[in-house]
Amino acid sequence: MSEFRMPSLGADMESGRLVEWLKSPGSEVERGDIIAVVDTQKGAIEIEVFEDGVLEEILAEPGEEIPVGRTLAYIRAPGEPRREQRVAEKPKPESEAETPHTPATAKPTPSATAYPPSIPGVHMTPAARRLTAEHQVDPSTLKAGPDGVIGLSEVQAAIGAAPTPLEARPKPKARGIDPGEMRRAIAAAMMRANREIPHYYVTSTIDMTPMMNWLAARNAERAIEDRLLYAAPLLRAVALSFAKFPDLNGTFENGAFVPADRVNIGMAIAVRGCGLITPAILDADRHDIDTLMTKLNDLVKRARGGGLRSSELSMGTATLTNLGDRTADGLMPIIFPPQVAIVGCGQISERPWIVEGEVVARQLMEITFAGDHRASDGRRGAQFLSHLASLLGKPEGL
Amino acid sequence: MAQEYEKIVKDALFSVAPDLEGEEIVPDETFRDQFEIDSIDFLNYVIGLSKATGLDIPEVDYSELESLQGAVAYLRRRKASMGF
């Protein structure tokens, strides 16, 4: 039996409010399945499980504010016996209620202690159980819904009550992220970064003309929806560079650098009117440019429209921030803790450059690498940049 | 006709940036300057324009589509050249 806990979705997150469960107790879950939605400072996030098994028991109900690390549910591994209380033939007394599962150190929340006991062999949601208690309904008289679970609607049907009016339910914030909350999340992460991380910066100007010519030729042959933005090959080059420099790809935890075993590139994405969010494209080094373009488009859509997943917010190993067209020439990016590196790209603009002794007009981009000086030195950052520049200079090889 | 093109352009823009719906658009100012429209938004907006009009829009023409006024003029010109 493993404990499924409230994940940390950023250096700054202390708690999240459970919006809803997408799986009911007794359902089989597979690694990667989205089982719950949690409302955070960065909006509603879909929470995934990281193992196969059966969702054995749910310990939190929608509307509850749950600290990072607290157990949300138990997941039974395949082949593992069910929890004893579920196979018992007779209902156990009151003492078998939810409270024993609450970590001894954590204060039981009022709602957790208010649940009536779970009934062996019957899957009932905590909210439904509480409602049965409030209305003194005998749970054994209730019939499960089509999903095999007794939920609020089944209890409401039994007591003849109208469904809870929408306004009375815990309100999932639409993707309408609260700009104030998001600002606070950014402030907390960046204050931590500037307080804890001794940044160093190395900068190079890179001739992107070969890349832009290659892209233009490629896009000219393509249908409009298959065209690429330079962000896609740029992301691939950055991901390949981090794969090549594993000592810059990872996190700094408990006083030491911990290398990551995959390359998950966080992408700084602006959410209009709210601020920045940095969900990661997982295993970015293993996808070709077209796939990365599709993934990037999808990620931007979900960052703004809803549907970001917990893995995307918690598993980044390095970050790329790309200012884009008509912005500024360069930036000194701030590392997203606990990562140890970030790559910042300014706009591409036509400027004078010297090629074979001649001053010519070229498409130039300034790239800045910021590294955590606890984990690496400027020389290493410069090597990284030089490798990145060589990849960007030969786009056909990407 | 101009009104029809204007609606096509606005619909394409608001479908990639629904939060901008209802915003006043300055006709001769670029979307990027008025709103936080980035490259991905812009690409999806052009795809929307292409779908709505059936026009194949080459990348070299993208710069003409950056403002409401520019985009309407572009659509009118392209449609006219097709004999509409």
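1. Surroundings of A:Arg76. In this predicted model, A:Arg76 has contacts beyond its neighbours within four places in sequence, namely with A:Met1, A:Asp52, A:Gly53, A:Val54, A:Glu56, A:Pro81 and A:Arg82. A:Arg76 belongs to strand β8 of chain A, which covers residues 71–76. One of the listed partners, A:Glu56, is joined to A:Arg76 through a polar contact of 2.7 Å between the side chains. The relative accessible area of A:Arg76 is 11%, and because the cut-off for a buried residue is under 20%, A:Arg76 counts as buried.

2. Make-up of chain A. Chain A contains 10 helices and 19 strands. It has 398 residues, of which 50% count as buried. When contacts between residues at least 6 apart in sequence are considered, 63% of those in chain A join residues at least 24 apart.

3. Make-up of chain B. Chain B has four helices and zero strands, and its pattern along the sequence reads α-α-α-α. Of its 84 residues, 49% are buried. For contacts between residues at least 6 apart in sequence, 47% of those in chain B join residues at least 24 apart.

4. Confidence in chain B. The mean pLDDT of chain B is 90, and 96% of the residues score at least 70. Among the elements of this chain, α3(B) has the highest mean pLDDT, at 94, whereas helix α2 (residues 31–34) has the lowest, at 89.

5. Extent of the interface. Contact between the two chains involves 22 residues of chain B and 17 residues of chain A. About 1,600 Å² is buried between chain B and chain A, with carbon and sulfur atoms giving 48% of this area. On the side of chain B, the residues that lose the most area to chain A are B:Glu36, B:Ile40 and B:Glu59, which together account for 32% of what that side buries.

6. Polar and charged pairs across the interface. Between chain B and chain A there are six salt bridges. The count of residue pairs in polar contact between these chains, both residues being at pLDDT 80 or more, is 10. Helix α3 of chain B (residues 39–53) gives the most to the side of chain B that touches chain A, contributing eight residues. By residue class, that side of chain B comprises 11 nonpolar, three polar and eight charged residues.

7. Which residue of chain A forms a salt bridge with B:Glu66? The partner is A:Arg326, and the closest N and O atoms are 2.6 Å apart. The side chains of B:Glu66 and A:Arg326 are also joined by a polar contact of 2.6 Å. B:Glu66 is located in the loop between α3 and α4 (68–81) of chain B. With a relative accessibility of 12%, B:Glu66 counts as buried. Apart from neighbours within four places in sequence, the contacts of B:Glu66 include B:Glu29, B:Thr30, B:Phe31, B:Arg32 and B:Phe42. The C-alpha atoms of B:Glu66 and B:Asp33 are separated by 9.5 Å, although these residues lie 33 residues apart along the chain.

8. The pair A:Glu46 and A:Arg309. Over all chains, the whole structure has 27 salt bridges. One of these joins the side chains of A:Glu46 and A:Arg309, at 3.8 Å from N to O. A:Glu46 is in strand β5 (residues 43–48) of chain A and A:Arg309 is in strand β16 (residues 308–309), so the pair ties together parts that are 263 residues apart in sequence. Both residues are partly exposed: A:Glu46 has a relative accessible area of 22%, and A:Arg309 has a relative accessibility of 29%. A network of salt bridges links A:Glu46, A:Asp298, A:Arg302, A:Arg309 and A:Glu312.

9. The pair A:Arg380 and A:Asp247. A:Arg380 and A:Asp247 form a salt bridge whose closest N and O atoms are 2.6 Å apart. This pair links distant parts of the chain, 133 residues apart: A:Arg380 lies in helix α10 (residues 378–393) of chain A, and A:Asp247 lies in the loop between α7 (231–244) and β10 (250–253). A:Arg380 is partly exposed, with a relative accessible area of 27%; A:Asp247 also counts as partly exposed, at 27% relative accessibility.

10. The pair A:Asp372 and A:Arg374. Is A:Asp372 buried or exposed? Its relative accessibility is 0%, and A:Asp372 therefore counts as buried. The side chain of A:Asp372 meets that of A:Arg374 in a salt bridge of 2.7 Å, N to O. A:Arg374 is partly exposed, with a relative accessible area of 37%.

Key:
Residues numbered from 1 in each chain as written. Chains lettered and ligands numbered in written order. Heavy atoms only, no water. Contact = heavy atoms within 4.5 Å. Buried area = accessible area lost by both parts, 1.4 Å probe. Salt bridge = Lys/Arg side-chain N within 4 Å of Asp/Glu carboxyl O. Polar contact = N/O pair within 3.5 Å; in protein donor to acceptor, adjacent residues only side chain to side chain. Helix = DSSP H or I, 4+ residues; strand = E, 2+ residues; numbered from the N terminus. Nonpolar A, V, L, I, M, F, W, Y, C, P; charged D, E, K, R; others polar. Buried < 20%, exposed > 50% of the residue type's maximum accessible area, 1.4 Å probe, protein only. pLDDT = per-residue confidence, 0-100.
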